[in-house]
Amino acid sequence: MQTLQDWLAHCERLHPKAIELGLDRVRGVWERMGVSFSCVVVTVAGTNGKGSTCAMLESIAHQAGWRTGVYTSPHLVHFEERCRLLGQPVSAEALVPHFERVEQARQDTQLTYFEFTTLAILGLMAASELDVAILEVGLGGRLDAVNVVDADCAVITSIDLDHQEFLGPDRESIGREKAGILRAGRPAIVSDPVPPKSVVQAAESLGADLWLLGRDYNFSGDKQQWAWAGRGRRYAGLGYPALRGANQLVNASGVLAALTALRDRLPVTAQAVRTGLALVDLPGRFQIVPGQPTLVLDVAHNPHSVAALAANLDAMGFYPTTRAVFGAMGDKDLNAMLRKMDPLVDAWYFSDLDTPRAAGAASLQALWQARTTRKDAVSSTHAGPLEALRSAMGEADPTDRILVFGSFYTVGGVLKDGLPRLQARHLGS
């Protein structure tokens, strides 16, 4: 195996299941690898807002002059997006020796694709002389591969129903799994405004240093600017984060709490906070691509994130027609997602996705037809997101809005040849 692609193909073949929770196998390989972090480590778990939280932490720390490393998953187009060092995606060549190291340490242990690739990226980050490593937890927390690392600070973002077959049927049981990343005596930042009781109880019984929104830190804002205060630190007159959407202030507040909790080891200036928030960039999170018609990309893939997307779309103002390219995994609460978007979407372009977990375009269309209250809305089915987008563009007027959402695969599918620049046919042509 010479290339990153060779190794990824090897990882896909290794284990019969895509997901097998449990840390024993991963911890054994990690210990045999003999790798450890000598820098500050922040782990980020939650249902929604993890990627945005990691990106803001990275951006502010980078602006403060610290050497940053970030691990997030999944990727939109290229696997290398999962690891950024000093603000740049890692090269495929840099990853290969770390895949080799995992393979040697693995011996006869079976690892899933996610576990193997996580260990390789953690190995690379630990060897990269970083000042801070920011690690996004994949699924849950307690049994996720990332949890082999003892973090100096843990952040738990908003918690909602997702992956119930693995994490439990309600927010309390899901919260209990997420709280598995907390460590005794170390900061535990909870940015969910109404956290499950299980998270608070886990933090208190463990003796973690719990930071709750509304108790240990707060934020306020008007149309122009916002302010944050918590435990002896205040920021006033802040510009809004470059990531759009009302939910981003909740995420940004958790980020400032984490940085305040870590200020002895990782000090940041107020200027680094301002510049970091202004320059943060994260493709596919309520990303508005200028052009005619307007294009909105969002990886929202569960009812909670789709509700936030609907609110953000509402706040954009009036568009005569909203056209939605939608593809999603079959194990999601598709009815709830479609119900939340139904009032906003005038034309649906349902798409197949290139993964066995996905719901077929025809089945998505049938679900929507069975539940829609719109007599005026139309729909069609397509073999892939790019085909669906092309169809939407062909039927759109310059003043319309096209939305692509439902999964990383859906958004990644329209980005695989680069960012589409829309040029609608002109009215009257």
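1. Asn302 and Asn48 are joined through their side chains by a polar contact of 3.2 Å. A second polar contact, of 2.9 Å, links the side chains of Asn302 and Ser305. A polar contact here is a pair of N or O atoms within 3.5 Å; within protein, one must be able to donate a hydrogen and the other to accept it, and residues adjacent in sequence count only if both atoms are side-chain atoms.

2. The model is predicted: local features need pLDDT of at least 70, side-chain atom pairs count only at pLDDT 80 or more, and totals for chains, interfaces and linings use all residues. Residues are numbered from 1 along each chain as its sequence is written, and side-chain values use heavy atoms, with hydrogens and water left out.

3. Asn302 sits in the loop between strand S13 (294-298) and H11. Asn302 is buried, at a relative accessible area of 0%. Buried means under 20% relative accessible area, exposed over 50%, partly exposed in between (1.4 Å probe, protein chains only). Helices (H or I, at least four residues) and strands (E, at least two) are DSSP runs, numbered from the N terminus.

4. Helix H11 (residues 303-314) packs with helix H12 (residues 334-341) at an angle of about 10°, and their axes are 9 Å apart. Axes are lines fitted to C-alpha atoms, for helices over the stretch in contact; angles run from 0 to 180 degrees between N-to-C directions. H11 and H12 are therefore roughly parallel to each other, a label for angles under 35 degrees.

5. Which residues of H11 and H12 meet? On H11 they are Pro303, Val306, Ala307, Leu309, Ala310 and Leu313; on H12 they are Ala336, Met337, Lys340 and Met341. Contact means heavy atoms within 4.5 Å. The residues of this contact divide into nine nonpolar, no polar and one charged. Ala, Val, Leu, Ile, Met, Phe, Trp, Tyr, Cys and Pro count as nonpolar, Asp, Glu, Lys and Arg as charged, and the others, Gly among them, as polar.

6. Helix H2 (residues 24-33) has Val26, Gly28, Val29, Trp30 and Met33 buried. The buried residues of H2 pack against helix H4 (92-106) and helix H5 (113-126). Gly34 follows H2, with a positive phi near 70°.

7. The chain has 15 helices and 17 strands. Its radius of gyration, 22 Å, is close to the 22 Å that the globule rule gives for 429 residues, so the chain is as compact as a globular protein of that length. The radius is taken over C-alpha atoms; the rule is 2.2 Å times the number of residues to the power 0.38. Buried residues make up 57% of the 429.

How values were computed
Parallel < 35°, antiparallel > 145°, perpendicular 65-115°, else oblique.
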